[in-house]
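Subject: Handover of a structure

Dear colleague,

Please find the structure below for your records. I would be grateful if you would read the notes that follow with the structure open beside you.

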Amino acid sequence: MRLDGATIIFDLDGTLADTAPDIRDHANAVLATIGLPPLDLDAVRGMIGLGARALLIGTTRHYGRELTDTELDLLAELFRQRAEAVPVRLTTVYPGVTAALDSLKRAGARLAVCTNKHAPVARAVLSQLDLLPWFDGVAGGGEGPANKPDPRHLALAVSRAGGTLDRAVMVGDARPDVMAARAAGMPVIVSATGYGTEKAPALGADAIFTHFGEVPGLVQRLLAR
């Protein structure tokens, strides 16, 4: 099945790449500045998905600490500075990603990224992982009127890729991805091993994949409906 005119939108953290180890290191360095102990990787994985500010709120609340708006602003800026300075050290691309992206592009699809990760950091991560050339458009955190789960974030990604919402599919891993896709009226596929505290079957997606090699077939099936 050809995918000419279709746009496939991908989340970044927990979907295209396992970014949690680097996010954990940035978060723990920030926590140390206010005297809090480090979080383990599993705890951080459960808090990723809504951007750095939400992550910092979740991590500090994990230790019973409520931040003031001023504290949150300062810590979020420190987190962004660290992430921009070292966007990739421990992050790895999931197996099968580049082969799946190649398959979709060969079938005629446009590809986009829609992530709540701070936009400059998102582009740096994609670039250093050699993924950026695959994508026709990227919408990072803070670039639109609102981040996921707001559907306007997906609309921005689709627009930047030159596509249309009526021929788009979202590929993500967590609740914000599913909520945004549903609000935008598009099908959504999620990873069985993504981030967040909810298991994939509870998210209410149209399909679940366990290996990225399944994604092109699932996309074709959903667009053929």
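Two strands are said to pair if DSSP finds at least two bridges between them. Helices (H or I, at least four residues) and strands (E, at least two) are DSSP runs, numbered from the N terminus. This is a predicted model, in which local features need pLDDT of at least 70 and side-chain atom pairs count only at pLDDT 80 or more, while totals for chains, interfaces and linings use all residues. Residues are numbered from 1 along each chain as its sequence is written, and side-chain values use heavy atoms, with hydrogens and water left out.

The sheet

Six strands form an open sheet with parallel pairing, in the order S5-S4-S1-S6-S7-S8. Strands S5 (137-141) and S8 (207-209) are the edge strands, each pairing on one side only. On average, neighbouring strands are turned by 20° against each other, direction ignored. Such angles run from 0 to 180 degrees between N-to-C directions, and axes are lines fitted to C-alpha atoms, for helices over the stretch in contact.

Strand S6

Strand S6 (residues 168-172) is mostly covered, since five of its five residues are buried; buried means under 20% relative accessible area, exposed over 50%, and partly exposed in between (1.4 Å probe, protein chains only). Ala168, Met170 and Gly172 point one way from S6, while Val169 and Val171 point the other way. With strand S1 (residues 7-10), S6 pairs in the parallel sense over four bridges, and valine 169 in S6 is the bridge partner of isoleucine 8. With strand S7 (residues 188-191), S6 pairs in the parallel sense over three bridges; here isoleucine 189 in S7 is the bridge partner of valine 171. The chain goes from S6 through helix H8 (residues 175-184) to S7 in a right-handed β-α-β crossover. Right-handed means that, with the strands pointing away from the viewer, the path from the first strand over the helix to the second runs clockwise.

Methionine 186

Methionine 186 is found in the loop between H8 and S7. Is this residue, methionine 186, buried or exposed? Methionine 186 is buried, because its relative accessible area is 2%. Among the residues that methionine 186 touches are Ile9, Leu154, Leu165 and Val169, not counting residues up to four places away in sequence; contact means heavy atoms within 4.5 Å.

Strands S4 and S5

Strand S4 (residues 110-118) pairs with S5 in the parallel sense over four bridges. Alanine 112 stands opposite glycine 137 in S5, and histidine 118 stands opposite glycine 141 in S5. The crossover from S4 through H6 to S5 is of the β-α-β kind and right-handed. In S5, five of its five residues are buried. Helix H6 (residues 119-128) lies across S4 and S5 and runs at about 130° to S4.

A pair of helices

Two packed helices are described by the angle between their axes and the distance between the axes. Helix H3 (residues 52-62) and helix H4 (residues 69-85) pack at an angle of about 115°, with their axes 9 Å apart. Leu55, Leu56 and Ile57 are among the H3 residues in this contact, and Leu72, Leu75 and Phe79 are among those of H4.
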